[in-house]
Amino acid sequence: MAACARALRGCARLPVSASSRRCSALSRARGQYTSQKVRRTFIDFFTEQHAHRAVPSAPVRPRGDPSLLFVNAGMNQFKPILLGCADPRSEMASYQRVVNSQKCVRAGGKHNDLEDVGRDVYHHTFFEMLGNWSFGDYFKVEACAMAWRLLTEVYEIPAERLYVSYFSGDAASGLPADEETRHIWLSLGVRPDHVLPFGMKDNFWEMGETGPCGPCTEIHYDHVGNRNAAALVNADSPDVVEIWNLVFMQYNREGDGGLRALPQCSVDTGMGLERLLTILQGKRSNYDTDLFTPLLSAIHQCSKVPAYSGRTGQADAGRADMAYRVVADHVRTLCVCIADGVYPGMTGAELVLRRILRRAVRFSTEVLQAPEGALASLVPIVAHILGDAYPELHAETGRIMEIINVNEAQFLSSLKQGRRVIDRTLSKMDRDAVNFPAAVAWSLHRNLGFPLDLIDLMLEERNMAVDKRGVEQLAAEQEQLQSQSEGGAEERGLHMDLQSLAELQSRGVPHTDDSPKYSYSLQHDGTYVFSPCRASVLALYCNQSLVSEVSEGQRCGMVLDRTCFYAEQGGQMHDQGYFTKDGLQDVLFPVECVRLAGGYVVHEITAAETLRTGDQVQLHVDETQRLACMVKHTATHVMNFALRELLGSVVVQRGSHVTADRLRFDFSSKASLNVSQLQEVERMVQDIIHQNDVVHMQEVPLARANQIAGLRTVDEVYPDPVRVVSVGVAASELLSNQKHKHTSVELCCGTHLLRTGGIRDFVIVSERQMVKGISRIIAVTGDDARQAREAGQVLLQEVESLTARITTDHAPSLATAQRLSKEVGLLTDAVESTPIPQWQRRDLQTRLKALQRSSNTTIRKLEIKEAAAKAKELLNRHSNKAVLVDTLETDSISVVMKTVNQLSEHAPDSLIMLLSHLQPSGRVLCACQVPKGQVAVSASEWALAVCGRLGGNAGGSATVAKGVGTATDVTDLLETMRWAEEFAHNKRQQTTN
């Protein structure tokens, strides 16, 4: 710094150029700009100087957008406006100029930076997007001018270091170059050699396969300076980086791939705060800015490695600096997501967050050698850095730390065992091998919860890679097995033949003691603890015979003296998990299926190593999967009780199936449940959940159990004594006092929760009559139920918004009416396919049917009106023509046909064909009609000939037909029209002759 000061003092004695002044100003700015100030300056610039409304960041969990796992761009929350479907009654509908700083997560899904984080100095899973928007207000001139002024005058970035790109056009799409934007930049004083054209890939932005889109202009910054860096723009150079993207939404991408001009143009801009900060703070790495340096310092304090030094690649020996970056990035993401209600879990965004947390734990404990709890200790620092902009981080600090600590503790034991498994596997492999066995990688992933990308990283350190193709095949096989779970273990697994069963019995092999499956307890904090279980291998079954030994890779059935694994029965899916063999703890034997066979519990496995009878094993049940089944099974009992209470004794259970994901319940019912009945069943179940009743499980002599009032049974043979599962009241009390309250009480061998509060939430997502008199319910619990409710609320808001837009527009254009009708159809599909409360689905379906009828009526009236106007115009141009071939402007085949029909009414003896040429796709719509009874040419023949000439197809009747084709340009279309007219005249002439 002293040398820099001396240099600046020396410069002060020399004549000062404009360029030097700007560089000097930037140097001063670099000392002034903190991350808070940069963010605040951006917001204030647009609110105070350009009348924008500051809108808070949306949560990172998307609302009502199943295409996204996380909010990954600033525009996500404004999609309803951009798509023209904002509720006219909402505050959003009034937005014209908006500015905000949006929390974004890019991990999982289409935009996924997770595996790149840590390898370089600029990738992140969480980042902040600064953006300003115009919805039908200003457009290109103002957007460019404001951006340029903010960067060069407010932030004082030297203009000579900035380069701008614009859209160069695309002939294939019929899109011209965006010369308007080019001239705007030149008018703002940008040097011509700093204004650069690029094509569709870099400078045409699209929301998706359909929807608003348009050309964009990007502003790039050259970190080096004092040169012409135009050749490095969009060349993946770390020296020249994009900092701001201005998107001009002026088209809509149609379903057929064509582009149509939007009635209202919008501006959507996005600038990453982290990249901007590197410029203003004079850094080359995002991790060297004040968004990260406090975190990196804190990580160093609790680690056992040297301080962060910013190294990458081969220079980063031991990957310590990569670990610093991973932990700093991931803890920010964890904080933001958990504060917004996304917790580590097993599906969707929750599963991605679980991967992020486990990746952070591995780098923290193994590479940085930080103690357990170090990760959570960073949470207050994240809240301090980001809390001014996102105050929820302060409010949720304690909860975030607790969730991180609990999940870290769960993973650490698995991490140690996984490391041992990897080390042992590598020690057995040939030195020249490059692919790690897929079976071992998949076992680590499935049984120990290792994210596959984490396994990749751990192997990369040993110059090894996972057999990706093999893992994909195993994943597909697992998915297929899960999809077959409805059929039960008997349909999927090995079948122990009668001879082998008899042999087991003749050898005196005792039946399996499976009572340990019920050995679990509920802690004060609401977590379940499952007791460990050791066992001896009594028998091995392979290739339809009993064997004493199986080798690695052989599929077999294993019988133990005791087991904690639940074998599929009573409608509950079998447990999953693995076991280890004494003396070989670093080899996992995954358990693929568990079933009962004549009193023996058969564990189906593919041997990971040699296994012999007499081996001692330690069993490990997949506790997450087991607990999920317990939740669903208890919920099934409670729902069965609620149905019977509501509908009476006519409700008889006809079947059920419980998996970790959801429950299925079949019961006798005269008809499907109506909306109010579905709501009442859910309410009754919710009441029992909130009461948090004790779930009692007690073995009772079968004869005594049958005396319990209100007992539910199904048509099957029960053991004696039998297990009675009752809610709120123990079986012994029910037998001693018949005046107890009505409650759920059933004979059941399944595993259950110990208190009903563990169900947490309950939603029926499907109910229908399978056959006359038998209804089937499918329901979900916990987070899945909460998400179903949230999805239902989002769809309700969309239906109400669409209703308001349809009913308030008293004079819509045909294009608007058609677009709204299409939205009704898409929303109907979403309501049908999205997991939401079934009562709400029925209600929304009724509303949407009414909307569709109303929309169809409006469209039909507008089409008739437009067709009449077009027919009148065409009749004025053509009178008394035997063959009438012409064009009209419309993108509706229905309008083309109605216009043809009206022309035929006024000219009943004429052969009439109309074509509509859609731009820029080149698609041609065709419709024709010929007089009834004439034999010269049929309408279908005429349409087929014309559309065939255009490379398309057509169909219809002798009098009316329609079709489609493609014309490359207007000349091609005019030639086709001339040919169509000649074709009809020739046919008429041939008939006359």
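A residue is called buried when its relative accessible area is under 20%. By this criterion, helix α16, which runs through residues 438-448 of this predicted model, is mostly covered, as eight of its eleven residues are buried. These buried residues are Ala438, Ala441, Trp442, Ser443, Leu444, Arg446, Asn447 and Leu448.

Gly449 follows α16. The phi angle of Gly449 is positive, with a value near 75°.

## The Protein as a Whole

The protein contains 30 helices and 34 strands. Its C-alpha trace spans about 100 × 100 × 60 Å along the principal axes. Of the 993 residues in the protein, 52% are buried. Among contacts with a separation of 6 or more, 72% are between residues 24 or more positions apart.

## Surface and Charge

The accessible surface of the protein amounts to about 43,500 Å². Carbon and sulfur atoms account for 50% of that surface.

## A Pair of Packed Helices

The packing of two helices is described by the angle between their axes and by the distance between those axes. Helix α9 (residues 293-301) packs with helix α10 (residues 320-339) at an angle of about 115°, and the axes of the two helices lie 10 Å apart. The crossing of α9 and α10 is right-handed.

On the α9 side, the residues that meet α10 are Leu295, Leu296, Ile299 and His300. Their counterparts in α10 are Tyr324, Val327, Ala328, Val331 and Arg332.

Definitions and conventions:
Residues numbered from 1 in each chain as written. Predicted model: local features only at pLDDT ≥ 70, side-chain atom pairs only at ≥ 80, totals over all residues. Heavy atoms only, no water. Helix = DSSP H or I, 4+ residues; strand = E, 2+ residues; numbered from the N terminus. Buried < 20%, exposed > 50% of the residue type's maximum accessible area, 1.4 Å probe, protein only. Contact = heavy atoms within 4.5 Å. Areas by Shrake-Rupley, 256 points an atom, 1.4 Å probe, with all protein chains shown as cover. Axes fitted to C-alpha atoms, helices over the stretch in contact; angles between N-to-C directions. Left-handed = near helix turned anticlockwise from the far one by under 90°.
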